[in-house]
Amino acid sequence: MRVLPSATANRLSNMLLSAAERAAENLRRRTYEYETGRTTLRSLPDVFAIESTNFCNIRCVMCPRGEPDLMERPLGHMDDAVFRKIVDGWEFFTEPCWFHWFGEPLMHPRLFEQIAYAKAAGVRNLGISSNATLLTEARSSQLLDSELDTLMLCIDGTNAATYEHIRRSAAFTYDEVCANVRRFLSLRGRAGRPKPHTILQIIVMEETRDQVAEFEAIWRAAGADEILFKQYTAWGNQSEHDFTALAPLEQRSRLAAATRAHACYNMWSSVVIAWDGTVVPCCYDYDTVMPMGNVREQSLAEIWNGEAYRALREAERSGNNMSPLCRNCTEAPGYVTDPSAAPPPGYPD
Ligand code: SF4
């Protein structure tokens, strides 16, 4: 047996430090940096969402890309060069790492090639969310043959009147979309495949809240692995369009009140990447009004500690974040911090 020199062996053993161990170490650093309000970070972000496309074929009333269509940025599909740069240059992905943001991912012409690339590159849990309008038999088979880990299918309502009022389309009906989903679940069952892990999602709005129990019963019986009751979002309350009007009644005043108790953890923890490579601090930034950089021009690590991110963190930390994205946000994740927290062992100061 060939014996490796010890330095090489150490390097190898570092490399073999599992992704889980590196992520755990990264989390210790991130926690310390958030708690103490640091703005230049040694920790790295998780990639929360990669926008495959912002083309969409329906107009949902709770979506800024829907009805009305508030989005002003150009429409496009993420190209292979941008996608590969993200996947090749990064190691921390949320699980699942969502390969959608705005738009319907099944409209991307190279979706399956890019899924294959990401899986070959080691992204552990890759997911897409789809409105299921294009979930034909052929695409169902392609999904089952792909290595996609997680598939979220979104149907808001348990009857045509509710669904078609929320997810507006001249082309697709509630019955057709449900039939697509049932066929997919049936094909997956017949193939005996556990993947993709299939989640049926309903957004809890005033209009759907009384249907969630029925929704769960229907889709559990049809073979869904998981049912998700997604909490309604008003997109950080950034738009003049009143998204709060669709929320469950008792949530409306909280969503509309422009205060938040804690610094937004998103700025210390994750990134969202639009189809053209623009990096933004969170998924509410539907029009990329707070661009932190672009992966076409910089690495994610450079963007993460670039001037824009550092300035945003400083403003957030000091309670002066008046950016158009965040100033009215009531939905930021965050918690009570401890500015005197000690650094984790080995923290490179
Ligand atoms: S404060 Fe709100 S809008 Fe701003 S990054 Fe955080 S969650 Fe997003």
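I took helix axes as lines fitted to C-alpha atoms over the stretch in contact, with angles running from 0 to 180 degrees between N-to-C directions. Helices are DSSP runs (H or I, at least four residues), as strands are (E, at least two), numbered from the N terminus.

The model is predicted: local features need pLDDT of at least 70, side-chain atom pairs count only at pLDDT 80 or more, and totals for chains, interfaces and linings use all residues. Residues are numbered from 1 along each chain as its sequence is written.

**Helix pair**

I looked up α3 (residues 80-88) and α4 (residues 111-120). Their axes come within 10 Å and cross at roughly 20 degrees. That makes α3 roughly parallel to α4 (angles under 35 degrees). I then checked which residues meet, counting C-beta atoms, placed from the backbone, within 7 Å. From α3 I noted D80, F83, R84 and V87; from α4, Q114, Y117 and A118. This contact has four nonpolar residues, one polar and two charged. I counted Ala, Val, Leu, Ile, Met, Phe, Trp, Tyr, Cys and Pro as nonpolar, Asp, Glu, Lys and Arg as charged, and the others, Gly among them, as polar.

**Whole chain**

I found twelve helices and eleven strands in the chain. The C-alpha atoms fill a box of roughly 65 × 60 × 35 Å along the principal axes.

Notes
Angles under 35 degrees count as roughly parallel, over 145 as roughly antiparallel, 65 to 115 as roughly perpendicular and the rest as oblique. Two residues are in contact if their C-beta atoms, placed from the backbone, lie within 7 Å.
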